[in-house]
Structure formats: structure tokens, C-alpha cells
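Please look at the sequence and the structure shown here, and keep both in view while reading the paragraphs that follow.

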Amino acid sequence: MSLENYTETVRAKVGEDSGLNATIKFAFTEGGALLIDGKNKPNRVSNDETAAADCTVKLKLEDFGKLMERKLDPMTAFMTGKLKIEGDMGVAMKLGKLFG
């Protein structure tokens with residue numbers, strides 16, 4: 001799946017209120033980003049690579065897809081280095097219920 005497809009999927013899952021009350025950016029090692037702005041209502045999902053975020057998750061686009069499909073456990077991905085987190089870890093912990 002492409003970044004554009006994932007962006008649309010996340011936009012649909014997030015809806016107008018993600019409950020995050022924070023910004024989180026997925027920065028992909030191949031280039032590109034997916035930003036969830038949960039501070040504003042309605043929430044916005046974009047591919048803004050330059051926006052600052054409360055939490056940045058760095059990973060491969062392929063691994064992001066596996067996380068979305070629940071074929072890769074987030075904790076396992078973090079522990080094995082497939083996923084790196086910068087910033088507020090508490091925001092990253094809220095993602096499980098967001099994508100559930």
C-alpha cells in the first residue's frame with residue numbers, strides 16, 4: 001500500500017476526534033511522513049513532513065502497514081528496533097486504542 005492509501009485509511013480511523021489531544025508524526029525511513037493533529041477539532045491527518053509533533057515515530061512504511069493490519073505488535077517493534085520513538089512516549093501509548 002502507498003503512503004497516500006495509508007493516509008486515507010488513518011484519516012478514516014481518526015475521524016473528527018482522535019482523543020489524542022496531541023500531535024503525532026510517523027516519519028518513514030524511505031521518506032515521507034504521516035501527521036495526526038489531534039489538538040485541533042476536527043482532527044487533521046496530513047503528510048506534512050515539516051510540522052513539529054509532540055511525538056515522532058520513526059519506522060519503515062512496510063512496518064507501518066504491518067502495524068495497521070495488526071501483523072506486527074507495537075511493543076515487539078519497539079523492542080527489536082523496528083520502531084523508534086522521539087518525544088512524548090505517553091502519546092505513543094495512546095495509539096493502540098486509536099487504531100484498534
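The backbone nitrogen of lysine 39 lies 3.0 Å from a polar atom in the side chain of aspartate 37, where a polar contact is a pair of N or O atoms within 3.5 Å, of which, within protein, one must be able to donate a hydrogen and the other to accept it, and residues adjacent in sequence count only if both atoms are side-chain atoms. This is a predicted model, in which local features need pLDDT of at least 70, side-chain atom pairs count only at pLDDT 80 or more, and totals for chains, interfaces and linings use all residues. Residues are numbered from 1 along each chain as its sequence is written, and side-chain values use heavy atoms, with hydrogens and water left out.

Aspartate 37 is found in strand β2, with helices (H or I, at least four residues) and strands (E, at least two) being DSSP runs numbered from the N terminus. Aspartate 37 is buried, with a relative accessible area of 6%, and buried means under 20%, exposed over 50% and partly exposed in between, for a 1.4 Å probe and protein chains only. Leaving aside residues up to four places away in sequence, aspartate 37 touches Ala22, Thr23, Asn43 and Arg44, contact meaning heavy atoms within 4.5 Å.

In the loop between β2 (33-37) and β3 (44-46) sits proline 42, and the peptide bond that leads from lysine 41 to proline 42 is cis, with omega near -5°.

Asparagine 21, in the loop between α1 (3-14) and β1 (23-28), is not a glycine, yet its phi is positive, near 50°. Asparagine 21 is exposed, with a relative accessible area of 55%.
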